[in-house]
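Sequence and coordinates come first.

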Amino acid sequence: MSQDLKDQTPARVVEHYVDPTPFNPAVAEDLTPEQERYYQASQWKIMWWKFKRHKPAVWSAYILLIFYLCVPFAEVIAPYDANSRNADYLYAPPQRVHLFHEGSFVGPFVYGMSSEIDLETVQWVFTEDRSDVQRIRFFCRGEEYKFWGLFDADFHLFCPAEGGALYLLGTDRLGRDQLSGLVYGARLSLTVGLVGVTISIVLGLFFGGIAGYFGGILDNLIQRLIEIMRSLPELPLWMALSAALPVTWGPVSIYFGLTIILGLLDWPGLARAVRSKLLSLREEEYAKAAVLMGAKPQRVITRHLLPGFTSHIIASATLSIPAMILGETALSFLNLGLRRPAVSWGVLLNEAQDITIVTIYPWLMAPVIPIIIVVLAFNFLGDGLRDAADPYK
Amino acid sequence: MLYYILRRLLLMIPTLLVISLLIFFIIELPTGDYITNQIAALRAIGEEASIAKLEFLRKEFSLDKPFFERYLIWIGLWPGPHGLDGLIQGNWGWSFEFDKPVEQVVGPTLPLTIVLNFATILFVYIVSFPIGIYSATRQYSWGDYGFTLLGYIGLATPNFLLALLLLYGFNRWFGMSIGGLMDPQYIDQPWSVDKMLSVLAHLIVPTIVIGTSGTAAMIRRLRANLLDELHKQYVTTGRAKGLKENQLLVKYPLRMAINPFIADIGNLIPSLVSGSVIVSVVMSLPTVGPVLLSALQSQDQFLSGFILLFVAVLTLIGMLISDLLLAVLDPRIRLGGRAAS
């Protein structure tokens, strides 16, 4: 036995070693600077970090930012007014932007167009005049407008050459510029969702808050109401409600009427989310502690419960904005929503209602593209926000 | 099970009452009614003769009564000028614009509306089920990425715009008209095999158009549900025991993932019905959609009210079917316990 042990002892004995630096017994609990930064950051900061990691959402935010720039600066960005007509260019096709004229560089320019009526098909035929070079001017003075309806100005980001025409996305049946229509249309189409969502958040917070905080019969009643509202097809009701808007109303009243209609039917989803969040947060230890320490309901709700789900509300609100944008578009498309002189993407699409016209003048469908991009961007942004809303997961 | 069905059906009665009240309220919102507007118009051009007739009509349809009485008369719980004669008794009301009973105006469009919605739901099921399973079992494959991308685009493209684009594309590149329900030569012809085929061919495009966003949503849900299940321990156990991949998938995780799938279809039905209304308008399909639009524009209140109610009932029935299916699949629900989502 002892013989065996002797055989197994290693030939080289490891030297005894003591580390001279003092030993910190709490080393396992020490944090790296990075961890420390994370644990000390506020909830919103962590959400921001998490959101930044969601690349499609960040890109969508940039894209939306660009689109929303059209809202305050529509007059400057658009080369024409959305309703100014040009009888010489009815149903003009989109012009192509060229850089080189006969081999030499001129900068961005378009060729002039001359129109002729084809008596057989009764259509305007546009031919490019290859000798008429119309350079696009930048940061220039062009058509006059009233900036925000307040003061006169004529400054544009870009405008057609003096005496020339510039229709990059073509014109409609009255010779109105499509591109300018899109830029002005963004103003209404993009804000409809924001105003509508605000209404829906207010209603959702109110009903969801009552149901979640007080419970009992009130909760039951609101729950049933939410269920019924959610089981109704939205669009036919939107149609009926907007058909009820008086014809005599001006564009501004119609616009606010529409946003209220869109918000009125959207709140049940939010209310349900608020209610379930409130119910679960009410049971949390910190909420109980606050109640035990004598906090009044108002303080409990605003200081302790609300911060717990604001992020969720923002995320789900973002996800319901595209539905509202589409709702407005659909209603205006069907002649039930906004009408000229108000311009939105749905109003522009109204021109594309007749399929025979669209096959001849396909550029009338141009508003489809920004609508799809914006809706897609809002969906990605909402996804990113939803993932970031629960930063501790 | 019988008890569950019975309870579920009884629950629909108060729901229907609330919905009909809401709808009646909405169609009564515009100032005045069809006949008062007509009278005002006739007064304006100085024609007094027809006014008496219109006044008679106003009485006939009890438009001069207060709101709640009119509502009760409309649904048939209160005696009107002709006794109890409302929706419950099978009188759907009178269309002022067409000067015909509502029944005759919308009657021909109802079957197609039902067929179209049913076909769409079927399409959503049939397409999203295999694709969802494929995407989940082959996560991060090229196919999965492709379907995810398609799904996002499908979700973002509103169906009436998709209808517009398809109409344009078919017209442009195939010289084909896909609007309407059948080829023009079959209109007013007696029913034949060729006519049936033509109708079916014309149903395909609207079904796809209406169903696309729903399908995209369902694929995403099924994929997420199934992925959650696939990462659970029992799957690993099954695999360790030597179960074949396919058998394993069908036997456990799929059965778990299918419940929320069916419940979600129920939640999807309202938006599908919404879609069918506007797509029908764009593609000029003879469903209730275009009739509703014109009725709303001309304030033909009984007609629009009936269509709104019909659409709502259609949705409710769809949700009922999906609830019943769920009860068949999941004993926890039909035994009245709490459903796991």
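A crossing of two helices is called left-handed if the near helix is turned anticlockwise from the far one by less than a right angle, and right-handed if clockwise. The model is predicted, so local features need pLDDT of at least 70 and side-chain atom pairs count only at pLDDT 80 or more, while totals for chains, interfaces and linings use all residues. Residues are numbered from 1 along each chain as its sequence is written, chains are lettered from A and ligands numbered from 1 in the order in which they are written, and side-chain values use heavy atoms, with hydrogens and water left out.

**Helix packing**

Two packed helices are described by the angle between their axes and the distance between the axes. Axes here are lines fitted to C-alpha atoms, for helices over the stretch in contact, and angles run from 0 to 180 degrees between N-to-C directions. Helices (H or I, at least four residues) and strands (E, at least two) are DSSP runs, numbered from the N terminus.

| Helix pair | Residues | Angle | Axis distance |
|---|---|---|---|
| α4(A) and α5(A) | 55-77 and 178-214 | about 145° | 8 Å |
| α7(A) and α11(A) | 234-243 and 297-333 | roughly 55° | within 11 Å |
| α12(B) and α13(B) | 253-282 and 288-297 | about 85° | 7 Å |

The crossing of α4(A) and α5(A) is left-handed. Contact means heavy atoms within 4.5 Å. From α4(A), the residues that meet α5(A) include Phe67(A), Tyr68(A), Cys70(A) and Val71(A); among their counterparts in α5(A) are Val183(A), Tyr184(A), Leu190(A) and Leu194(A). By class, this contact of α4(A) with α5(A) has 12 nonpolar residues, one polar and two charged. In this scheme Ala, Val, Leu, Ile, Met, Phe, Trp, Tyr, Cys and Pro count as nonpolar, Asp, Glu, Lys and Arg as charged, and the others, Gly among them, as polar.

The helices α7(A) and α11(A) are oblique to each other; angles under 35 degrees count as roughly parallel, over 145 as roughly antiparallel, 65 to 115 as roughly perpendicular and the rest as oblique. Their crossing, α7(A) with α11(A), is right-handed. Leu235(A), Trp238(A), Met239(A) and Ser242(A) of α7(A) meet Ala323(A), Gly327(A), Ala330(A) and Leu331(A) of α11(A).

In chain B, the angle of about 85° between α12(B) and α13(B) makes the two helices roughly perpendicular. Val277(B), Ser280(B) and Val281(B) of α12(B) contact Gly289(B), Pro290(B), Leu292(B) and Leu293(B) of α13(B). The contact of α12(B) with α13(B) has five nonpolar, two polar and no charged residues.

Helix α13(B) is largely enclosed by the rest of the structure, because seven of its 10 residues are buried. Buried means under 20% relative accessible area, exposed over 50%, partly exposed in between (1.4 Å probe, protein chains only). The buried residues of α13(B) include Val288(B), Val291(B), Ala295(B) and Leu296(B). What covers the buried residues of α13(B) includes α7 of chain A, together with α5 (102-106), α6 (109-137), α12 and α14 (301-329) of chain B. Just after α13(B), Gln299(B) has a positive phi of about 60°.

**Cysteines of chain A**

Over all chains there is one disulfide, a term for a pair of cysteine sulfur atoms within 2.5 Å. Cys140(A) is joined to Cys159(A), with an S to S distance of 1.7 Å. Cys140(A) lies in strand β4 (residues 137-147) and Cys159(A) in strand β5 (residues 151-159) of chain A, so the pair ties together parts 19 residues apart in sequence. The torsion about the S-S bond of Cys140(A) and Cys159(A) is about 140°, and the disulfide is therefore right-handed. Both Cys140(A) and Cys159(A) are buried.

Cys70(A) is also buried, at 14% relative accessibility. The closest cysteine sulfur to that of Cys70(A) is in Cys159(A), 16 Å away and too far for a bond.

**Chain B and two of its residues**

Chain B has 15 helices and two strands, and 47% of its 341 residues are buried. The C-alpha trace of chain B spans about 90 × 55 × 35 Å along its principal axes.

Leu17(B), in helix α1 (residues 2-27) of chain B, is partly exposed at a relative accessible area of 40%. Leaving aside neighbours within four places in sequence, Leu17(B) contacts Tyr71(B) and Ile75(B).

Asn159(B), in helix α8 (residues 159-174) of chain B, is buried at 16% relative accessibility. With neighbours within four places in sequence left aside, Asn159(B) is in contact with Val209(B), Gly275(B), Ile278(B) and Val279(B).
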